[in-house]
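Please look over the sequence and the model below. A short report on selected parts follows.

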Amino acid sequence: MVGNRARAAIIRSQRITGLTPDVISELAAEIGPLWHERHQAVLTSRPRRRAVGAGAKHKLVFIDRLLATLVHLRHGATHDVLACWFGVDRSTITRAIGEVRPLLAERGCTVAPDVRLRTLAEVIDHLGASGQTGIIDGTEVRVRRPAAGRKDREKFISGKNKQNAVKSMVVTDAVGRLLFCSPAVPASCADITHARKLGLVGLLADGPAVEILADAGYQGLGAQTGGRVVTPPHRKFKKNPPEWYEEMYERQRKAHSSRRIRVEHGIGHLKNWRALARHHGCREHMSDIIQAVAGLLSHQQAATMAGGTRT
């Protein structure tokens, strides 16, 4: 395991973990009891020859497990490298990340110290209550191609990039703060289909009056939601358009793009975490990875805005 000085150096450096020391302290205070509770539940759920707590103790304490998970998500460090760094076996790092990452994914996105959003319904209610505009877009993360002979081998191929990937729908507010990141689905699913499966149409039709900006991939949702989903203007003249129409169309398109670009910035911040910018073989873990990174990044953004400083 790492020494106290090395651990303190890791916590102090935001370039290593992607988070400030204050945010890491809040995570440890929040996640630590949950991890300990689940660990004790596992120990007491199976037949034992000796009491819980007997035997060898953990070489990797919880704060080191949390730091190993953060470094893995931020830089994509392999389990072998982390095992060497923390002075434990590779299987210990694999087990630690597998236990901590789901806890991070379940936290949702932090909007303020006392406001946390975990579902799309909560996001729509938050936007309606605060009178803010939401922005949605889909993002893809490349994954390894499924083995030959699998029935679902082709469903991971993206229609846009022609590569094997998974897709998630991201929701930000008008300034680009992350509000929601959906579980990952195979990239062959169209953006508009994914939004419908998540229940966006019903939430907007029956919920508060909220304006949602989207790109051309969501055209059609506006009519289904009473105009609450705003997409780029549809080009009526495909050949030889009048000059006045072309000028009007470009003006409207640029005005929409200038408002919607904030979600691209939010996705860009997500992709700065190396875990979302490389190939993955474990496709079943991608939902946890995406939602964990979104929760960590939103927590850092909320802490930055609350402190009034740039990090």
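Gln-224 lies in helix H10, residues 221-224. Helices here are DSSP runs of H or I with at least four residues, strands are runs of E with at least two, and numbering starts from the N terminus. The model is predicted: local features need pLDDT of at least 70, side-chain atom pairs count only at pLDDT 80 or more, and totals for chains, interfaces and linings use all residues. Residues are numbered from 1 along each chain as its sequence is written, and side-chain values use heavy atoms, with hydrogens and water left out.

Is Gln-224 buried or exposed, or partly exposed? Its relative accessible area is 38%, so Gln-224 is partly exposed. The cut-offs are these: buried means under 20% relative accessible area, exposed means over 50%, and partly exposed lies in between (1.4 Å probe, protein chains only). Leaving aside residues up to four places away in sequence, Gln-224 touches Arg-196 and Val-201. Contact means heavy atoms within 4.5 Å. Gly-202 is 22 residues from Gln-224 along the chain, and their C-alpha atoms are separated by 9.0 Å.

## The whole chain

The protein chain has 12 helices and 8 strands. Its C-alpha atoms fill a box of roughly 80 × 55 × 35 Å, taken along the principal axes. Of the 311 residues, 43% are buried. Take the contacts between residues at least 6 apart in sequence: 65% of them join residues at least 24 apart.

## Helices H3 and H4

H3 and H4 pack at an angle of about 115°, and their axes are 10 Å apart. Axes are lines fitted to C-alpha atoms, for helices over the stretch in contact; angles run from 0 to 180 degrees between N-to-C directions. H3 passes H4 in a right-handed crossing. A crossing is right-handed if the near helix is turned clockwise from the far one by less than a right angle, and left-handed if anticlockwise.

Which residues of H3 make the contact? They are Ile-24, Leu-27, Ala-28, Ile-31, Gly-32 and Trp-35. H4 brings Phe-62, Ile-63, Arg-65, Leu-66, Leu-67 and Leu-70. By class, this contact has 10 nonpolar, 1 polar and 1 charged residues. Nonpolar covers Ala, Val, Leu, Ile, Met, Phe, Trp, Tyr, Cys and Pro; charged covers Asp, Glu, Lys and Arg; the others, Gly among them, are polar.

## Helices H6 and H12

H6 (residues 90-105) and H12 (residues 286-307) pack at an angle of about 60°, with axes 7 Å apart. H6 and H12 are therefore oblique to each other. Under 35 degrees counts as roughly parallel, over 145 as roughly antiparallel, 65 to 115 as roughly perpendicular, and the rest as oblique. Their crossing is left-handed.

H6 makes the contact with Arg-101, Pro-102, Leu-104 and Ala-105. H12 uses Asp-288, Ile-289, Gln-291, Ala-292 and Leu-296. The contact residues divide into 6 nonpolar, 1 polar and 2 charged.

## Aromatic pairs

Rings of Phe, Tyr and Trp (its six-membered ring) pair if their centres lie within 6.5 Å; planes under 30 degrees apart are stacked, over 60 edge-to-face, and the rest tilted. The count comes to 4 aromatic pairs. Trp-35 and Phe-62 have ring centres 5.6 Å apart and planes at 35°, so this pair is tilted. The pair links distant parts of the chain, 27 residues apart: Trp-35 is in H3 (residues 21-44), Phe-62 in H4 (residues 62-75). Both Trp-35 and Phe-62 are buried.

Trp-244 and Tyr-245 form an edge-to-face pair, 5.9 Å centre to centre with 85° between the planes. Trp-244 counts as exposed at 55% relative accessibility, whereas Tyr-245 counts as buried at 5%. Ring pairs link Trp-244, Tyr-245 and Tyr-249 into a cluster.
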